[in-house]
2 protein chains.
Amino acid sequence: MAQTLLRVSGLCPCLLLLTPALTFGQEHAPQGHDDPVTPVVLALAVILTAAKLAGHIASRIGQPPVLGELIAGVVLGSFDLAGIGWFHAIETDAIVEVLARLGVIILLFEVGLESTVRDMLKVGLPSLLVAVLGIAAPFALGWAVGALLLPDRSIYVHAFLGAMLTATSVGITARVLQDLGRSTSAEARVILGAAVIDDVLGLVILAVVGGVIASADRGGSLSATEVALILGKAGLFLFGALAAGVYLSPRIFGLASRLNGKGVLLSTALVVCFTLAYLSGLIGLAPIVGAYAAGLILEDVHFRDFANRGEHQLEQLVHPISTFLVPIFFVIMGMRVDLAAFARAEVLGLAATLTLAAIVGKQACSLGALGRRLDGLSIGIGMIPRGEVGLIFANIGLGLTIAGQPIVDEDIFSAVVIMVIVTTMVTPPALKWSLARSR
Amino acid sequence: MAQTLLRVSGLCPCLLLLTPALTFGQEHAPQGHDDPVTPVVLALAVILTAAKLAGHIASRIGQPPVLGELIAGVVLGSFDLAGIGWFHAIETDAIVEVLARLGVIILLFEVGLESTVRDMLKVGLPSLLVAVLGIAAPFALGWAVGALLLPDRSIYVHAFLGAMLTATSVGITARVLQDLGRSTSAEARVILGAAVIDDVLGLVILAVVGGVIASADRGGSLSATEVALILGKAGLFLFGALAAGVYLSPRIFGLASRLNGKGVLLSTALVVCFTLAYLSGLIGLAPIVGAYAAGLILEDVHFRDFANRGEHQLEQLVHPISTFLVPIFFVIMGMRVDLAAFARAEVLGLAATLTLAAIVGKQACSLGALGRRLDGLSIGIGMIPRGEVGLIFANIGLGLTIAGQPIVDEDIFSAVVIMVIVTTMVTPPALKWSLARSR
């Protein structure tokens, strides 16, 4: 009977156990309907308000809104230090956590939608070279920083530090290039092309390093076979998903366009995104890998039938969902920064060295421009910002453990956030200077 | 230290306890990243696919998509009977539950956006009369059905049965009127006007009945003072929120329009919606009451500044979010129907009597047309469908208890779902017939 009641009331037994986390507005406990959504909507209202206000301030001082959202989170998180425990409860709530993770999945899907598989195949040799150099050098430097400054941590932590420095967040650069009217220059094409390859290579590195760590945590060794196995799995998934997707996508959307009802285009696209995210999670990769692959696969040309019946463009339909969910991720990331850690010299030292490695590492990109009439310095500077991608990697590192210890601990996380903030902030003025010089 | 690790890893201790519910894809446990979002995205992919396919079939046979989504849920839920426990795990998952509840909040917000406070003030006497009669008669009949068929259940259960029969879901009628080219007729105006008042009155009844039950469950009595107190609170909240909102909304959006950044209009609107939903939950009302009030308050005229800077209309921005979240609610509602209950004579008897009370009760609406040149029968028929509103009430009843027993048990829930399905299905053919007759 109790079983039946639970079934009907739609509450799993676990939900009852969850109560302390869910009712973080407990001081103001509602009298009647103990709706589990009540504390969640309050958290969402606070997060969205903070995100938009901070995004405004950031954009007023010439910085990208994502930086504002991150700092808004740091500020909200500091109320926790001031003894206001409610913000700590938001930060650790399981529901808000899943909403934030859905936000990253939608974000990577949206980023993927901006490119197509065809774009990736035609970016050309300079972009490929820039991308590979810009991945390899920061990876090696980050690893070295780890080995140097954290000698007592395992080799897996060092490798993960390297991996976190690889992926460029080119949105900031794209925005600066656009503001300066240089977004169609040869340098811009090389940078944006490299960024497309960069995303994929970064995800592969994440998959391999993450997979090796998970395997080592289960007692596996760091053998070359193990690495090759995981690399093969990641490659097989990515290229398998892309190949199958390019073949299947027009067929799926062709069938879907025959369905009556509103919202079929958006729903079908979300189903493709969620299915690939699930499959990549299933084989041990991060769900964002699948979401990005789903975005790459889907092309406007597959949706012609929907446009003909008056539905909006897919990007326009996905955007409101990302407006709602994506800021949750960045604000929560900011809240996880431990301000007290900033007062510790070793954290600041790690942050400064990582930031230096991140900036210097990407200057290897300028080698990709050698022998061509390209401004190598501007390309190297354009690849500096790490932004959201670095944070996504750091967040995944929080969840990975080796021998019971998290790969990314509080100190490393705080150092990575400083690195993300600094690399993001230095890029706009540096790029303006460098482009003005070359002109 | 353990505390610190938990803080950093972003997992509340409860999340660990939640594991059995979250990892409902456990048979295929991911090897590496145990991302809590992985099982959720699979559930979302399955729910959205089922919703769109069933919505298509429903619309092919002239039924509203919501009916398809509900029946899709019943079908998925029946796999549980067939021994496939995975669907049962979706149905009881705490995260999917909150996503479904966010869906209803967005749905009521969207419904509220379609009307304004001014619309409500000017619908006129016939609409007001139709609405009041169409609330009072089904409420009395539903209560009587409860007293007659469930004599051993408390008076609160009987009152809640009455409350569940009150609110019309006029979307179905609006669609039929549109299909027949009669959406600007006098009858259509009266029906649509009544539906606006109906929504508000239905929410007030829900608030009062729900509040009285919650108070009785805490040992309060069903005194007239108690009822008046809760009625006063609900009235004060609704009219207070509307009055304050009408005053504040242009000012809030005026300030928000000065913020830089993308998505400010949508984010501000969501913050208003979530804040009012939280406040209504805080004073013991259902969060949907606040969400609906938020929708009523917001008017296009407040967003002129946003339209001038090229943002889309608010309805267009909210719609993708509802496309994503709303079907989750209806599919989960369908899954909660216990097919085995349909085999029990008392459930079918209750369902048949409730359906009869729902249909006959709304015919009182035709009295509102007396003495005017209006087709009373068509108005009465147009008010029949209960659709989503009845389900939302039933779902709230699942969460209310009296002396440890839920107000709405498995049998009553199944009977209400049958009532919703039948009243929704009979309306389109009956209305077509009745309008053809009057013409």
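Colleague: Among contacts in chain A between residues at least 6 apart in sequence, what share joins residues at least 24 apart?
Modeller: A contact means heavy atoms within 4.5 Å. In chain A, 81% of the contacts between residues at least 6 apart in sequence join residues at least 24 apart. This is a predicted model, in which local features need pLDDT of at least 70 and side-chain atom pairs count only at pLDDT 80 or more, while totals for chains, interfaces and linings use all residues. Residues are numbered from 1 along each chain as its sequence is written, chains are lettered from A and ligands numbered from 1 in the order in which they are written, and side-chain values use heavy atoms, with hydrogens and water left out.

Colleague: How many helices and strands are there in chain A?
Modeller: Helices (H or I, at least four residues) and strands (E, at least two) are DSSP runs, numbered from the N terminus. Chain A has 21 helices and two strands.

Colleague: What does the radius of gyration of chain A agree with?
Modeller: The radius of gyration is taken over C-alpha atoms, and the globule rule is 2.2 Å times the number of residues to the power 0.38. For 439 residues a compact globule would have a value near 22 Å, and chain A has 22 Å, which agrees. Along the principal axes, the C-alpha atoms of chain A fill a box of roughly 75 × 60 × 50 Å.

Colleague: What percentage of the residues of chain A count as buried?
Modeller: Buried means under 20% relative accessible area, exposed over 50%, and partly exposed in between (1.4 Å probe, protein chains only). Of the 439 residues of chain A, 62% count as buried.

Colleague: Which residues touch the most other members of the largest nonpolar core?
Modeller: A nonpolar core is a set of buried Ala, Val, Leu, Ile, Met, Phe, Trp, Tyr and Cys residues joined through side-chain atoms within 4.5 Å. The largest one holds 267 residues, and F274(A) and F274(B) touch the most other members. Leaving aside residues up to four places away in sequence, F274(B) touches residues including V41(A), L44(A) and F324(A), as well as L102(B) and I105(B).

Colleague: Why does the pair D411(B) and R344(B) tie together parts that are 67 residues apart in sequence?
Modeller: The closest N and O atoms of D411(B) and R344(B) are 2.4 Å apart, in a salt bridge. D411(B) lies in helix α21 (residues 410–438) of chain B and R344(B) in the loop between α17 (339–342) and α18 (345–362), so the pair ties together parts that are 67 residues apart in sequence. R344(B) also meets E346(B) in a salt bridge, at 3.9 Å, N to O. R344(B) is partly exposed, with a relative accessible area of 30%.

Definitions and conventions: Salt bridge = Lys/Arg side-chain N within 4 Å of Asp/Glu carboxyl O.
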